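This briefing goes through one protein structure by topic. Keep the sequence and the 3D view open while reading.

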Amino acid sequence: MPMTRRLVLGASGALALPGLLRAQGSNPIRIGEINSYTSQPAFTLPYRNAMQLAVEQINARGGVLGRPLELITRDDAGRPQDAVRLAGELYNDQKVDVLAGAFLSNVGLALSEYAAQNKRLYIGGEPLTDAMVWERGNRYTFRLRPSTYMQAAILAEEAAKLPAKRWVTVSPNYEYGQSAVKWFRQILSAKRPDVQFVAEQWPALGRVDAGATVQALEQARPEAIFNVLFGPDLTNFVRQGNTRGLFERRAVVSMLTGEPEYLDPLGDEAPEGWTVTGYPGELVDTPAHKTYAAAYRQKFNAKPMCGSLVGYSLINSIAAGVAKAGTTETEKMVEGFRGASFDTPAGQATYRAIDHQGTLGVYVGKTALRRNEGVMVDWRYIDGKDLLPGDDVVRGMRPASAN
Amino acid sequence: MDSLIPQLLTGLAGASSLFLVASGLTIIFGVTRIVNFSHGSLMMLGAYIGWSILTRLPRDPEWFVLGILLTVLATALIGVVLEVVVLRRVYRAPELFQLLATFGVVLVLQDVTLWIWGAVELPLPRPRWLRGFVEIAGNRFPFYDLILIFVGPVVLGLLWLLMNRTRWGTLVRAATLDREMVAALGVNQRTLFTSVFALGAGLAGLGGALSLPNASANLNIDLSIITDAFVVVVVGGLGSLPGAFLASLLIGILQAFGIVLVPKITLVLVFLVMAVVLVFRPNGLMGRPQAEAREATAAAPVIRPAPRELRILGLVALVLAAAAPLVAGEYYLTVLTDACVAVIFATSLHFMMGPGGMASFGHAAWFGIGAYAAGLLMQWLGAPMPVGLLAAPILAGIVAALFGWFVVRLSGVYLSMLTLAFAQIVWAISFQWVEVTGGDNGLLGLWPPEWARNPATFYWIALALAVSVALLLRRALYAPYGYALRAARDSAMRAQSIGLDVKRLRMVALVIAGAACGLAGAIFSYSKGGIFPTYISIPHSVEALLMVLLGGLQTVAGPIIGALVYTGLADILVRSTDLWRLVLGTVIVLLVVAFPEGIAGAARRLWLRGREA
Amino acid sequence: MSVLVVQGLSKSFGGVQAVGDVSFAVAPGEMLALIGPNGAGKSTCFNMVGGQLVPDAGSVLLEGKPITGLSPRAIARRGVGRTFQITATFGSMTVRENVQMALLSHRREIWQFWRPVAGRHAEEADALLAQVGLEAQAERATGVLAYGDLKRLELAIALGNAPRLLLMDEPTAGMAPAERVGLMQLTRRLATERGVAVLFTEHDMDVVFDVSDRILVLNRGTLIAEGDGASIRANPAVREIYLGTGATSGGH
């Protein structure tokens, strides 16, 4: 019996601890963050590191509204249903003020649904799906990163400059892949009516049969290729494509391939001359970025990844939004985040009032090999606000209730 | 036409890779009867170990071969450790518990691999000779893929020699045919099992290492390869090496041409092949029927009416559960709601698996079908929650009836694998058919109506439904139907000879289990506000198995206890540590070793100590 | 009229004839033994009557109606009870519940989902158990019974179906010699009392000669002798088979 009692006491003590902390003093602004730490570690671990860095820096500067930031992270294991449960835990049990996070689109959408339903603020960092701010957009959800549409749009513009007319697409068969191909085809076809798409490949996500896929693409004798594969799928595809000569004398336009998360593993087989979106990392030489990259390297002894950029910017954006709102009361924060400007290592960005999309931009450039490693060259940074469709189009896609 | 030959060769190379992994799995199954879920993890380890070794060796072909052989030895050694430390302790447990233990191993190895090699995928830098190609029919064909094409048959040949020209091989073949007989012959079964496991693990390691020049070592290998390997082994016939080879060829080639002809449904294609093969050949292409006596060896204990103490305990638990909203915070109410869903999920699986004798590896399919039924009705017709909660079990039941036609003619592991295949088909449809299901973005906005939105109200609804379903299922099990179902499981022969329609009994059990599970899916969707393909994923199906087996298969209270314990354990672990997979996996393995009859089963044994069952 | 009439039954497996043109009949209350050396086709014959195998040719009539090629279940429904060489009972039930199952099935009460089994037809089940001498064990789990008791339980289950014909495949296999005679005499008594026709195969010649009314001898799939105990004992063809194989009595 005594043992049972001690166990119970121990448990309740642990649960009560955050409450004690809060009562004792500085009353921090709590950010509850949910992400796929165990199922997508390659992206989310550098991302979490950078978030911690940002929190430290902001607190060193005196916090927000005179209160320090406190970050609580949770692992959703790649399952939206778990994310929703944990969102409840963070809000009801940990009493967080702002909910943030998600890497996977479905987790992001699930959290945004939760936010709308429970009238809580949710700031999505990574998820790319357009639905998050457009078709399924809602009043309580903001999204930082350039969306599938924005990435596909800039690549379609680049593709339109190429002479190629016979295109093929290869894309993982799920919502992200299908959306990317849809936008790319739509925008490129509009700009270049002479272009035709002669074949498409839809390997299952994470299970590409690269040899057969490359062979099938080769068979279509394309002049250019639009690729949406990433991660291990991309590695397999590039290797088979290199050996089988698929990429020779052909233009390749590729989503996200310039991100170090996906480019680095390709090693000395990283393709040269692909037009990609991504992140040039420490090659970005603006003062803001240099300071950030140096701090990151000093703290973690690693190079900043694309996930780091997103995590760092996410925390900064939240700090700016809360500061602008002047309170952590949800409805006021929604108003505060609308139009809130914040600094990121890539440049200044804003949460648009019209659709809550962040204007963090896209780096677009070419891939190249430097000392047996893939890098981005000839890149430029395009502000996110220039990549989005016109306000009328956006208003048409977004439910009226979202405003 | 000129691309026919390269595509065929590509298919053959794929077939070889598949065979390497499947051969180890089928040998292990043949002898030990263990459905080794951790086989994919062994292949993943093979890839990582291979990477670690090969990146440290010179990059010439002879060193490559040496590195591969070292990798095979290393994974074989890991296989020995696994067998001695974990599996040896659970051979006496019912078959499915071994599966559970191997799943625990999968979880542990995921975290161990992440901890040792890190999160970033590790591709092997390819020296020039690995990038070479030959010109075939005007197309470049990778030199390495040509090597792979030959590796498969060579390994098959070596295994054939090993099986047919050595005493050890003779023992393995004999054990595959009749395990008891070999034991009776005085063969040291322990050594035999350990060596077989080492061979199987070594083959998985070979598959992993040989995949390196084409793919990277990454953390997703384990679960993505294990389903393919299962399919190959089942299509070929459990325990049959030539069967596994034939099935690898069939699937490899079909995959290569499927990509050209029907690029969007390659994922489903493999499972359709498996379903078709099992319909025409219920034991796979080259498998032998499993003797019925084998399945009935361990007689299930008698189910008696619950003792008074247990009924009182149940009633107390129910009162506490009903009073929970008065004390528990909002978050704990959602966890309790999840627990209610888990109770239905587990009891419905138990219904078909315990008394029905049909172990489903794809129970999440019904969960998902129920969820999507409610979700699509809302999306298309604006159907409110009560309609959704009604439609979910009906639709899941109807689909179960259609699917049942295929299932009830199979038995044992084949049946389990067909349920797995079916769940994967349902998953692939939900994941890839974006226009209808929303793909992985799911169906959103599925919230309860205003009157039920309060977490306490919704919890009470979930509790009422869970208790009703559990009681109804229990009632059916104590009624003539439940007895007849159990009779058909205990002895199909005897059941038929007293006039019972075994197939129809099992079919109805599947429909009832599917319908109940569909309801669980719908409740869950309303509590999460959306439906996602992850509801139908393999890990979710395994969760149902975990709950039932943890609680205990042979008691009616088992699945309920299992559902509660698992939900609580998972919730606490996920929130307290990033290493939750390591801890959960270890706990599962320990529980299987300590309580091979499940928690409720162990409690029952203690309770009955000194009395006759 | 005969309960069971078998005419010209034949079955081949992969070109090898297991049973060829076998005909016989069993009358109510009669015990007919089917004997022969291993591989003579006894079990094949048996399984064709019981529905486990479909004959290539010939017919099986039960009380004048054809049951050839019907499923075991359909044949059971028409009043054929069966025991197996290796006992088949419901291991997760008590002894009484095993018999209750047969009674419930016989009364077409299986497809009920609400009223519990407990207590249903319990008296009738106990009466059947009393007839085979198992009444004291009614509450026990089947799994803990002695082998001889399992055999008797099988008999009680088979009787629960109120059969016109009882098929018993090696009913005494695995039992101690003293138990064997006891079981078969019990069967004899029940057959006479209830007018049930019994067709059985048996290795133990003592048992065969002790209880059977008539004996059929099969060798290599064909019927080589038929008659009562004395005439079979005297039959030179039968003697030759058994002396030739060395299996005279005592089973295996």
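A residue counts as buried when its relative accessible area is under 20%, as exposed when that area is over 50%, and as partly exposed in between. The model is predicted. The points below cover cavities, a pocket, aromatic pairs and selected residues and segments.

**Second largest cavity**

- Two elements of chain A, α11 (306-325) and β13 (362-370), each contribute at least two lining residues to the second largest cavity.
- The largest share of that lining belongs to α11(A), with 3 residues.
- By class, the lining of the second largest cavity has 9 nonpolar, 3 polar and 2 charged residues.

**Second largest pocket**

- The volume of the second largest pocket is about 1,600 Å³.
- The pocket is lined by 48 residues, and L310(B), G314(B), V556(B), A557(B) and I560(B) are the closest to its centre.
- Five helices are named as giving two or more residues to this lining: α13 (308-327), α14 (330-353), α19 (455-478), α24 (558-576) and α26 (598-608), which belong to chain B.
- The lining of the second largest pocket divides into 37 nonpolar, 5 polar and 6 charged residues.

**Aromatic pairs and a cluster**

- Over all chains, a search of the whole structure gives 44 aromatic pairs.
- One of them is the edge-to-face pair of F37(B) and F230(B), with 5.3 Å from centre to centre and 85° between the planes.
- F37(B) sits in the loop between α1 (4-32) and α2 (39-54) of chain B, and F230(B) sits in helix α9 (residues 221-236) of chain B, so this pair ties together parts that are 193 residues apart in sequence.
- Are F37(B) and F230(B) buried or exposed? F37(B) has a relative accessible area of 3% and is therefore buried; F230(B), at 4%, is buried as well.
- F64(B) and Y144(B) also form an edge-to-face pair, with the centres 6.3 Å apart and the planes at 85°.
- This pair links distant parts of the chain, as F64(B) belongs to helix α3 (residues 61-85) of chain B and Y144(B) to helix α5 (residues 143-165) of chain B, 80 residues apart.
- F64(B) is buried because its relative accessible area is 9%, and Y144(B) is buried because its value is 3%.
- One aromatic cluster is formed by F43(A), F103(A), Y174(A), Y176(A), F230(A), Y262(A), W427(B) and F431(B).

- An unreviewed UniProt entry places the feature "domain: Leucine-binding protein" at residues 28-366 of chain A.
- Over residues 28-366 of chain A, the chain is 43% helix and 19% strand, with the end C-alpha atoms 44 Å apart.
- R371(A) is in the loop between β13 and β14 (373-382) of chain A.
- With a relative accessible area of 81%, R371(A) counts as exposed.
- R371(A) and D268(A) are 103 residues apart along the chain, and their C-alpha atoms are separated by 8.2 Å.

**Chain B: A492(B)**

- A492(B) belongs to helix α21 (residues 492-497) of chain B.
- Its relative accessibility is 19%, so A492(B) counts as buried.
- From the C-alpha atom of A492(B) to that of E543(B), 51 residues apart along the chain, the separation is 29 Å.

**Chain C: helix α1**

- Helix α1 (residues 42-50) of chain C is mostly covered, with 8 of its 9 residues buried.
- The buried residues of α1(C) are K42(C), T44(C), C45(C), F46(C), N47(C), M48(C), V49(C) and G50(C).

Key
Residues are numbered from 1 along each chain as its sequence is written. Chains are lettered from A and ligands numbered from 1 in the order in which they are written. This is a predicted model: local features need pLDDT of at least 70, side-chain atom pairs count only at pLDDT 80 or more; totals for chains, interfaces and linings use all residues. Side-chain values use heavy atoms; hydrogens and water are left out. Helices (H or I, at least four residues) and strands (E, at least two) are DSSP runs, numbered from the N terminus. Ala, Val, Leu, Ile, Met, Phe, Trp, Tyr, Cys and Pro count as nonpolar, Asp, Glu, Lys and Arg as charged, and the others, Gly among them, as polar. Buried means under 20% relative accessible area, exposed over 50%, partly exposed in between (1.4 Å probe, protein chains only). UniProt positions are given in the numbering used here, feature names are shortened, and annotations may be inferred rather than shown by experiment. Rings of Phe, Tyr and Trp (its six-membered ring) pair if their centres lie within 6.5 Å; planes under 30 degrees apart count as stacked, over 60 as edge-to-face and the rest as tilted. On a 1 Å grid over the protein atoms alone, a cavity is a set of points where a 1.4 Å probe fits but cannot get out, and a pocket is an open set with protein on both sides within 12 Å along at least five of seven lines; lining residues have an atom within 4 Å of a point. Grid points are joined across faces, edges and corners, and a volume is the space filled by probe spheres set on the points.
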